Amino acid sequence: MSADALTGWIRAAQRRAALDIALVWSPLALIAGAGGWRLGGTVWATVLLLLGAAVVAMAAARAAGRFDQHWLVRRLDARETGLEDSAGLIFVDAGLNPIQRLQRERIERRIAAIDPEMLADGWSRRRIAIAWAVGTVIVAAILLWPQPRPAPPPLAPAAEGTDAAPGEPRLTGQRVRIVPPAYTGLPPRYSDRLDIRAPTGSRIEWTLAFAPQPSGAALQLVGGQRLPLVVGDEGWVGSLRLDRPALYRVTATGMRGTPQPHRLEPIADTPPQVRAIEPAQGLVLVRPGQRSWRVVFEASDDYAVAPTARLTVTVTQGDGENVRFSERSLIVRGAGTAKRKRFTADLNLAAYGLQEGGDLVAQITIADTRSPQPHIVRGPGVILRWPPKAAELADGLDMMSKRVMPAYFRSQRQIIIDTEALVRERRTLSAEAFLEKSDAIGVDQRLLRLRYGQFVGMEAEETPKPPLPIAETAPPPSDAEPVRKAPFALPSGHSMDDGHNHAPPPEAPVFGSLGDVTAEFGHTHDDSEAATLLDPDTRAMLKLALDQMWQAELNLRSGKPEAALPFENKALDYIKKIQQAERIYLPRVGAQLPPVDMARRMTGKREGIASRSASLTRFAIDDAIPAEAWRTLAGPGRPDLDALDRWIRGNSARIRDPLAVLAAVDAARNAPDSAVARTRLRAQLWTVLTRPPAQIRRRSDGGSLGQRYTKGLR
């Protein structure tokens, strides 16, 4: 057995001793960390846990330092009598006499038969078990011990400002505890004011003191319920859930005056805000070789955003009005803080079946953590478009230009998508580029309107076009192949002079020209060929669609795509209804009136005939009640304050500060003859009334100089 092998025995003993000490004293570090968390939070817990771990490591290193070469020699000589107290010869290489070298060889053979595990100290099993049992109990007690509730602040002196007669109860102290809903994550707080503004759904707890002590006290909501107070350790206490704005008074038995009202104003939870981060533009095109598409949305909320969101992916296939849609949804997990999260998704284009000429639309739905009904917001949509292939070049003279099938009309749905994308890109475009794109979409809308307009007999607005260039016209026939025209045959039962204006068909019918197709393959019996292809209801609906298209085109050409969107959507609704309508061919006939009752004619009897006199009905406006009260307050009369109070509570959402209006109503009710209260209420009602629409301002005449100039022109 060599000295190097015995050195390995020493290291094994050191590791066992260090691990044994660490297991015995580790619970002490955990106790220190738990105590730090209870006293100072996560920072103190981390600091004390690291300090405890350092102390345990130092103790383990010190225990392992006792195991060295001298310890091994002493342990071998003490436990193995066959070594004859000569174990130290193993570590001596030079200076040995023959007898010592012989003894060293004998010792090496005997040491080789010794198990090194028998030399190291055993595990402190009992100490380890006791240490961990005690440590677990102490850590559990520290973590589970109830958190001591901080002592509430003392009652603040009241500032009611009302004079009290001797012996009349008077408010002397006040304290309000506000406990926000759990979903907000806000801690409870105290307020020394009776005007309260807190999140909707908060629990409001009052602690009030009176002098002298009354027999009863309550919180009286103005125009509402009465909340009795009960006697507590520090005074009169009561609580209320804050759900809607209200005014309240602190009253006590024996009070003669009317205390001033205080405000209960809830802070509504706002819906989350969503914006698209990637791609930066609402509409992007597929890159060559692109296989996936990354979309990133960011959501922010005043309290917290839900950790997951639903991403809706819509894929379109086809063109024109025959577009097919397929929709799929997936759950996306956000990353970031509670108030601001980012949702990222990598979409596989092949998995979603995106093809040439199709669009892939991604739109995310975000929710917040409001309980019990969270706000759900559908964010902006981003579009990935795969443009169709361009037409190939023709041969011969047609190589001068591409022979492209004319886009006779664009889909109304596509026009809506392009308009929405343009609205989202407004901030990234200059004014000239924005107007140019809007005008281009307006041109597409115009072409679509003209296409549908031919079915109601609308004349084209185009001026006569010059002849097409050579590349767009068909090549002239060669001399070897003369053009043979088919003989013109009249329909059965008709002749050239039967009044139906028969004529030979055109040589080359124009694509999309309904009149030419009708003249070639048939004939009509009225002046408007296209008009008879639709029934009157469908034609009327088509005219409504054309009106909406005209309004959309007007706004688009003026650079107002936001104003054009409502008209575009209405036009699409009409088009879808027209597509579902039944196409019929009906000749125009006269109106069929009901037969005249000859027995009743010229008799003078008017039974059953409805009166033709029209009665006027009063036009009801939304703010009739406050308007009537405002007019009444201008004179000596008294308005209906109860009806006004009900109207304000029912329309609080449209009023900027409903509590201020309710306070003015309450003051006018308590002092009906006070001119100050009536004036204040009338001023508050003026802020409630609906503003008249803006009028056209008269242009300035330029002052005296402008008047002289105008007079000189005349």
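Is Thr419 buried or exposed, and what is its relative accessible area? Thr419 is buried, at 0%; buried means under 20% relative accessible area, exposed over 50%, and partly exposed in between (1.4 Å probe, protein chains only). This is a predicted model: local features need pLDDT of at least 70, side-chain atom pairs count only at pLDDT 80 or more, and totals for chains, interfaces and linings use all residues. Residues are numbered from 1 along each chain as its sequence is written, and side-chain values use heavy atoms, without hydrogens and water.

View 1. Helices (H or I, at least four residues) and strands (E, at least two) are DSSP runs, numbered from the N terminus. Not counting residues up to four places away in sequence, Thr419 touches Ile441, Leu556, Pro561, Leu565 and Glu568; contact means heavy atoms within 4.5 Å. Lys560 is 141 residues from Thr419 along the chain, with 9.8 Å between their C-alpha atoms.

**View 2. Helix H10, residues 536-557.** Its 22 residues should span 32 Å, taking 1.5 Å times one less than the number of residues. The end C-alpha atoms are 31 Å apart, which agrees. Buried residues of H10 include Leu542, Leu546, Met549 and Leu556. Gly559 follows H10, with a positive phi near 80 degrees.

**View 3. The largest nonpolar core, 25 residues.** Such a core is a set of buried Ala, Val, Leu, Ile, Met, Phe, Trp, Tyr and Cys residues joined through side-chain atoms within 4.5 Å. Trp293, Val295, Leu311, Leu347 and Leu360 have the most contacts inside it. Contributors of at least two residues each include strand E14 (292-300) and helix H6 (349-352).
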